[in-house]
Amino acid sequence: MTACKSLLSPFSIKHLRLKNRVCSVGHAPIYTQDGLPQERYQRYHEEKAKGGVGLSIFGGSSNISRYSGSIFGQIYVGDDRVIPYFRAFAERMHRHGAALMCQISHLGRRTRWDSGDWLPTIGPSVIRDPAHHSVPRAMAVAEIRRVTQSFAEAAYRCKEGGLDGCELLATSHLLGQFLSPLSNQRKDEYGGSLENRMRFLLEALEATRAKVGDAFIVGVRFAADESNEGGLTPEEGIEIARQLGKRGAADFLNVNGAYSSTTHGLAETYAGMAFKSAPYIRWTQIFTDKNKKYKICTQKEGKWSGLTKTP
Ligand SMILES: Cc1cc2nc3c(=O)[nH]c(=O)nc-3n(C[C@H](O)[C@H](O)[C@H](O)COP(=O)(O)O)c2cc1C
C-alpha cells in the first residue's frame, strides 16, 4: 500500500508536475508511418494516457540523423516534418493530463549498412557490433561535431513540437558506444580515460542545452553497469552520474544496468518476466544516496533526488 501511495503521488521535474510516477519508458512499437508518429502511433500512447500514466516517453530510439539507419521502424527526428505530428501528439496527451517526451538517439554501429539511405555505419572505433554485425567506420572528430549538432537540432524539434522534454539515449547506442571500453578504443581525446569517453555525451548535452534553453527538460538514459560483459564498471557508472549531476548537464537520469550490445546482454537490459522485478532500482537508490554508500554531488553542485536533481 505504501509503495502504491508513492507510485501514485505527484512528482516534479523542474517546472513540470507529473500527476504520478507511472512512466511508460522508451520503446519502438513499430507503429510509425513514413518515419512519423501518425494517428496509430499517437492512439497507442493515448490509451496509456487514458489509463492514467503520468509520463509517456515515446519514440524509442528516434533517429536524429540519416547516418543512423532505421532498422525497427523508428521515428525520424532529423528534419522538421516531424514537428506538426509532435504538436498534435502533445495536445492529445495533455488533454488527459499526461506529459510527453521523446527519446532521441543515434544508433552508431547498432544498425545495418543496408538500412535507410545505405550509408556506412559509424562508431567510436572499428569494432563489430556483436548483435547487428555491422563493422562501423571510426568517426572523425568533425563527424562527432556534426552528430553533436544533430542531437541539439532534434531536441529543438521536440521543443518546437510542444513536448514536455526529451531523453538522449546512450545505452548501447552511439553515445553509449563512446562510454564503453568494449566499443571505444580511440587514442584521441574521445577515448581512453572515462573523462575522455564521456566527452561526446557531455558535448551533446551542452550543445542541446545551448539550443533549447534552460527551461526545456533534457534527460539521459544510460547503462550504469556493464560488468555482465566486462564493459563499464559500476564505479564508472556512478562517476558518469556524478558528472552529469555536477555539471547540471541532465535534468533526469533513466538508468538501466547491463551491456546490451550482445543478444544475451540485451535480454538482461530489457529484463523480462524471467528476471526478478525492478532489477535496476538499486541504481536509483545509489544515485539518490538513499543507502548513504555513495555521495554523488555536494549540496553546492546540485543533488540528485528521486529521479531528478534539485537546484
Ligand atoms: C520491443 C521493445 C522495444 C524497446 N525499444 C527500446 C528503445 O528503443 N529504447 C530504449 O531505451 N528501450 C527500449 N526497450 C526497453 C524498454 O524501455 C524497457 O526498459 C524494457 O522493456 C524493460 O521494461 P521495464 O522497464 O518496464 O521493466 C524496448 C523494449 C521492448 C520490449
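Author: In this predicted model, strand β5 is covered on both faces. Ala 99, Met 101, Gln 103 and Ser 105 are buried on one side, and Leu 100, Cys 102 and Ile 104 are buried on the other. Seven of the seven residues of β5 are buried, and the strand is mostly covered.

On one pairing, β5 runs parallel to β4, with six bridges between them. One of the residues of β4 is Asn 63, whose bridge partner in β5 is Ser 105. Asn 63 has a relative accessibility of 2%, so this residue counts as buried. Beyond the neighbours within four places in sequence, Asn 63 is in contact with Ser 68, Gly 69, Ser 70, Gln 74, Ile 75, Tyr 76, Val 77 and Gly 78, as well as with Ser 105 and Leu 107.

Ser 105, which lies in β5, has a relative accessibility of 0% and therefore counts as buried. The side chain of Ser 105 makes a polar contact of 2.7 Å with the side chain of His 173. With residues up to four places away in sequence left out, Ser 105 touches Ser 61, Ser 62, Asn 63 and Ile 64, and also Ser 68, Phe 151, Leu 169 and His 173.

Another pairing joins β5 to β8, again in the parallel sense, over four bridges. Here Cys 102 stands opposite Cys 166 of β8. Strand β8 covers residues 165-169, and five of its five residues are buried, so the strand is largely enclosed by the rest of the structure. Gly 165, Glu 167 and Leu 169 point one way from β8, Cys 166 and Leu 168 point the other way, and all are buried.

From β8 the pairing continues to strand β9, residues 217-223, in the parallel sense and over five bridges. Glu 167 has Gly 219 of β9 as its bridge partner.

Helices come next. Helix α3 packs, through its buried residues, against α2 (39-51), β4 (55-63), β5 (99-105) and α4. Those buried residues are Ile 83, Phe 86, Phe 89, Ala 90, Arg 92 and Met 93. The length of α3 can be checked: the helix has twelve residues, 83-94, which at 1.5 Å a residue should span 16 Å, and its end C-alpha atoms are 16 Å apart, so the two values agree.

The same check can be made on helix α4, residues 141-160. At 1.5 Å a residue, its 20 residues should span 28 Å, and the end C-alpha atoms are 29 Å apart, which agrees. The buried residues in α4 include Glu 143, Ile 144, Val 147, Thr 148, Ser 150 and Phe 151. Ala 152, Ala 154, Ala 155, Arg 157 and Cys 158 of α4 are buried too. Phe 151 is among the residues that Ser 105 touches. Just after α4, Gly 162 takes a positive phi of about 80 degrees.

Gln 103, a residue of β5 with a buried position, is one of the residues around the ligand. Leu 169, which is buried in β8, is another of the residues around the ligand.

A polar backbone atom of Gly 26 is 2.6 Å from an oxygen atom of the ligand. For Arg 221, an N or O atom in the side chain is 2.7 Å from a ligand oxygen atom. A nitrogen atom of the ligand lies 3.4 Å from a backbone N or O atom of Ala 28. On its own the ligand has 610 Å² of accessible area, and the protein covers 59% of this.

Arg 110 is 23 residues away from His 133 along the chain, and the C-alpha atoms of the two are separated by 8.0 Å.

Terms used
Residues numbered from 1 in each chain as written. Predicted model: local features only at pLDDT ≥ 70, side-chain atom pairs only at ≥ 80, totals over all residues. Heavy atoms only, no water. Helix = DSSP H or I, 4+ residues; strand = E, 2+ residues; numbered from the N terminus. Expected span 1.5 Å × (residues − 1). Buried < 20%, exposed > 50% of the residue type's maximum accessible area, 1.4 Å probe, protein only. Contact = heavy atoms within 4.5 Å. Pairing = 2+ DSSP bridges. Near = heavy atom within 4 Å. Polar contact = N/O pair within 3.5 Å; in protein donor to acceptor, adjacent residues only side chain to side chain. Areas by Shrake-Rupley, 256 points an atom, 1.4 Å probe, with all protein chains shown as cover.
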